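Load the model in a viewer and keep the selection panel open.

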Amino acid sequence: MKIMKAFLIFSVLLALVFFTVPASTLAEKVIEIKAATFHPVAHYLTEDAFRRYGEEVEKRTKGKVKFKWFFAGSLAKGPQLVSAVESGLADMAFGGTWAIIHKMPITSWLELPFVVDSSRHAADIAWDMYLQIPEMQKEYKKVKFLGFFNTSICHISTLSEPVKNLEDLKGKRIATPSPTGVKTMKHLGISPQRMIPPDLYMAIHRNMIDGVLFPMAPLRSYKLTDLLANHTVCSVYSGANAIIMNKNTWKKLPPDVQKVFNDLRQSVGSLCGETLTTESAWVLEGLKARGDKVYVLTDEEKARWKVKVKPMYKEWIAKMNKRGMNGQEIFNKIMKIAEERRANPYKADSWWGEPGKKRTK
């Protein structure tokens, strides 16, 4: 009897505790974010930027948020990443803006040839553009904008001898993933092919193309360095990549979690830029060390290339004018931003660690 009485008292006390302690304290629901990118698992952005960013978000939200990653286009291919976020197939996407750059006229400035110095420089410019140009903000009205980074600067890698001038380009079958890259190469005098990054390896292997206009950093992670051993350092252009979230996913996040994402917008973009800039440098160093032929385009020859692509600047300005904007004014404003950021880059944050640091394994 005494045992039964004690059991009843214990049960009542337990029930009181259960009903007076908030449910969130007993078992807080974890918010899972389905994050997609076309970058492969071996890509440095994957480990040194994307995963690190996810860990930082999880840390700052005290475990409320957990990322479920889908790399190498396993949830949506590069060209479909933005639409995948808009539809809700993915909660977040890292990259893919380059595939629909024709729908983002202001953002497309970042892909003009010979306007950015590095991925880090591009990320700094993009952030200031987003803050200072309302028309750019409207380009992301269907999603929640959470950061921006460009690919590493694109150079030309070929099966044969390195390209040293415009004449060497003639007759070359060059592939590039970006529509801007295609247009740039046409202005330089050839008819390039457009291919998404995962298709480039087999195209080279089957002798369908002679080379690529491609970012230096991922040459290794896409295994293109297994086939290409001739490189022209010409710093042509880089592709635009936004970090975006589905709007409904965003609206469901608690205010404190939204604040964490907002606080990291500029920092994560610069982290991606720093990672790619650093990796590009050591990838090139490694290619030289293994005996690849590397040719740096001379200033005189690059000047010839720049003359060829100048119509792209005029075309960009004209497109802005047709959309009711002052194209020349916006162009000049962004050029000023680029110059200011060249002198005053974003300072590294402590949570970055050592992005892009060369590994021996």
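Select Trp305 first. Leaving aside residues up to four places away in sequence, Trp305 touches Phe114, Ile156, Val163, Asn165, Leu166, Leu169, Leu188, Cys234, Val236 and Leu297, where a contact means heavy atoms within 4.5 Å. This is a predicted model, in which local features need pLDDT of at least 70, side-chain atom pairs count only at pLDDT 80 or more, and totals for chains, interfaces and linings use all residues. Residues are numbered from 1 along each chain as its sequence is written, and side-chain values use heavy atoms, with hydrogens and water left out.

Together with Trp305, they have the most contacts inside the largest nonpolar core, which has 84 residues. A nonpolar core is a set of buried Ala, Val, Leu, Ile, Met, Phe, Trp, Tyr and Cys residues joined through side-chain atoms within 4.5 Å; buried means under 20% relative accessible area, exposed over 50%, and partly exposed in between (1.4 Å probe, protein chains only). Helix 14 (residues 299–322) supplies the largest share of this core, seven residues. Helices (H or I, at least four residues) and strands (E, at least two) are DSSP runs numbered from the N terminus.

Then select Phe67, Phe149, Ala217 and Trp250. These are among the 31 residues of another core, which lies apart from the largest one.

Move to helix 9, residues 197–205. Which of its residues are buried? They are Pro197, Leu200, Ala203 and Ile204. Down the helix axis, these buried residues fall within an arc of 90 degrees, so they line one face of helix 9; the arc is that of the directions from the axis to the C-beta atoms.

Two loop residues come next. Most residues other than glycine have a negative phi. Asn207, in the loop between helix 9 and strand 8, has a positive phi of about 60 degrees. Asn207 is partly exposed, at 47% relative accessible area. Lys223 also has a positive phi, of about 65 degrees, and sits in the loop between helix 10 (218–221) and strand 9 (230–233). Lys223 counts as exposed, at 51% relative accessibility.

Finally, zoom out to the whole chain. The protein chain has 15 helices and eleven strands, and its C-alpha atoms fill a box of roughly 100 × 50 × 35 Å along the principal axes. Of its 361 residues, 53% are buried.
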